[in-house]
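Q: How do I read helix packing and a ligand shell from a model? Please take me through it step by step.

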Amino acid sequence: MGQRAGLQTTLDRAADGGRLTPEEALELYRSAPLHALGAAADAARRRRYAGIDHIATYIIERNINYTNACVTACKFCAFYAPPKSEKVWTRDLDDILRRCAETVELGGTQIMFQGGHHPDYGVEYYERHFRAIKEAFPQLVIHSLGASEVDHMARISGVSAEEAISRIHAAGLDSFAGAGAELLPARPRQAIAPLKESGERWLEIMETAHRLGVESTSTMLMGTGETNAERIEHLRMIRDSQDRTGGFRAFIPYLYQPQNNHLKGRTQATIFEYLRMIAIARLFLDNVAHIQGSWLTTGKEAGQLSLHYGADDLGSVMLEENVVSSAGAKHRSNRLELLHLIRAAGRVPAQRATTYEHLVVHDDPANDPVDDRVVSHLSSTAIEGGTAHPELTVLNS
Ligand code: SF4
């Protein structure tokens with residue numbers, strides 16, 4: 001059998017639900033023809049979602065950044081400021097609650113609470129804020145933070161990661177967003193985030209969370225100089241972890257953004273590499289239900305294409321975002337455009353909950369929601385023309 005026929009045999013087996021070895025995944029990732037790889041991934045998606053495979057989901061959420069002060073200084077990050085820098089800002093609780101109120105008014109269902117590793121913010125800080133958000137807005141799901149923040153806050157408060165997770169969960173955290181995974185293998189992680197916990201520690205904390213009943217998503221930052229083998233090793237680490245706990249709801253690869261950070265954009269992943277990753281993730285991560293396409297860091301056309309390469313979800317109308325926007329992610333959209341993008345890609349759009357249930361299936365364009373205030377990625381601190389900190393309001397009052 002020639003190499004091409006051998007690759008197709010492996011693709012067919014994976015599309016039918018057969019488990020790929022990491023070696024097979026690497027060979028497919030490197031060498032399978034792009035369209036054949038995408039077709040196999042799309043077949044795997046259709047098999048998993050038989051009966052609802054015509055649907056692609058999105059969510060409405062807001063990323064609330066509570067501070068940019070951070071002691072961890074990741075080299076790819078354009079968001080943070082060293083804690084003693086004059087560029088440091090923090091948001092007070094009233095400001096955070098106002099942002100939650102706007103989210104509710106615009107039909108958002110989820111808050112991502114995301115910020116730097118502030119040297120003074122221990123478990124108590126997060127308990128106080130999550131409790132206040134849940135008291136004021138019990139309908140908002142707090143899908144926030146990740147293992148890196150847990151590791152940091154536990155150290156500040158002198159408690160175990162398990163205690164930190166239990167306490168912030170009791171205070172209102174519903175699930176972990178899973179940022180901070182970056183690259184899990186040691187070499188690329190050390191190269192771009194030398195002060196972050198190891199990849200093994202990141203997974204250990206996530207597994208602790210899963211065992212405590214706090215599920216999460218998982219992510220991967222592509223394009224900072226990692227090799228193909230390291231990308232597949234990242235997937236292997238997530239799949240093995242998922243075999244142990246089953247707590248990862250989704251996998252979300254996204255692209256490194258080149259502006260305003262120490263890496264200076266010397267390395268970047270291409271859209272083809274990204275689409276191949278979406279496809280190989282769908283085939284290799286046979287134990288992770290959802291694969292999310294990212295149009296913010298890849299562009300709208302790549303987002304549409306991802307729906308044909310194994311993705312079942314197209315991310316969010318994120319009412320506010322400052323982290324990847326600081327590094328140059330400038331793709332903006334609004335709810336109606338997102339519905340159009342999904343339809344133009346041949347799917348029926350559905351607004352989803354954090355746990356992926358369909359809240360509204362937009363099967364008739366005549367009934368599309370018309371609120372033109374539901375726009376994505378307004379940026380309070382990151383982009384020119386963004387409303388300057390701290391007065392960002394997405395609603396005209
Ligand atoms: S990515 Fe997060 S932990 Fe790293 S420097 Fe930026 S804010 Fe800090």
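Predicted model: local features only at pLDDT ≥ 70, side-chain atom pairs only at ≥ 80, totals over all residues.

Q: At roughly what angle do the axes of α2 and α10 cross, and within what distance do they come?
A: They cross at roughly 135° and come within 10 Å. Here α2 covers residues 22-31 and α10 covers residues 228-245.

Q: Is the crossing of α2 and α10 left-handed or right-handed?
A: Right-handed.

Q: Which residues make the contact?
A: From α2, take P22, A25, L26, Y29 and R30. From α10, take N228, A229, I232, L235 and R236. By class, the contact has 7 nonpolar, 1 polar and 2 charged residues.

Q: Why are α1 and α3 called roughly parallel?
A: Angles under 35 degrees count as roughly parallel. The axes of α1 (residues 3-15) and α3 (residues 34-48) cross at roughly 15°, so the two helices are roughly parallel to each other. Their axes come within 8 Å, and the crossing is right-handed.

Q: Which residues of α1 and α3 meet?
A: Q8, L11, A14 and A15 in α1 meet A36, L37, A40, A43 and A44 in α3. That contact has 8 nonpolar residues, 1 polar and no charged ones.

Q: Which residues surround the ligand?
A: List the shell, then sort by class. The ligand is surrounded by C70, T72, A73, C74, C77, F79, Y80, G116, H117 and S148. This shell divides into 6 nonpolar and 4 polar residues, with no charged ones.

Note on methods
Residues numbered from 1 in each chain as written. Axes fitted to C-alpha atoms, helices over the stretch in contact; angles between N-to-C directions. Helix = DSSP H or I, 4+ residues; strand = E, 2+ residues; numbered from the N terminus. Parallel < 35°, antiparallel > 145°, perpendicular 65-115°, else oblique. Left-handed = near helix turned anticlockwise from the far one by under 90°. Contact = placed C-beta atoms within 7 Å. Nonpolar A, V, L, I, M, F, W, Y, C, P; charged D, E, K, R; others polar. Near = placed C-beta within 6 Å.
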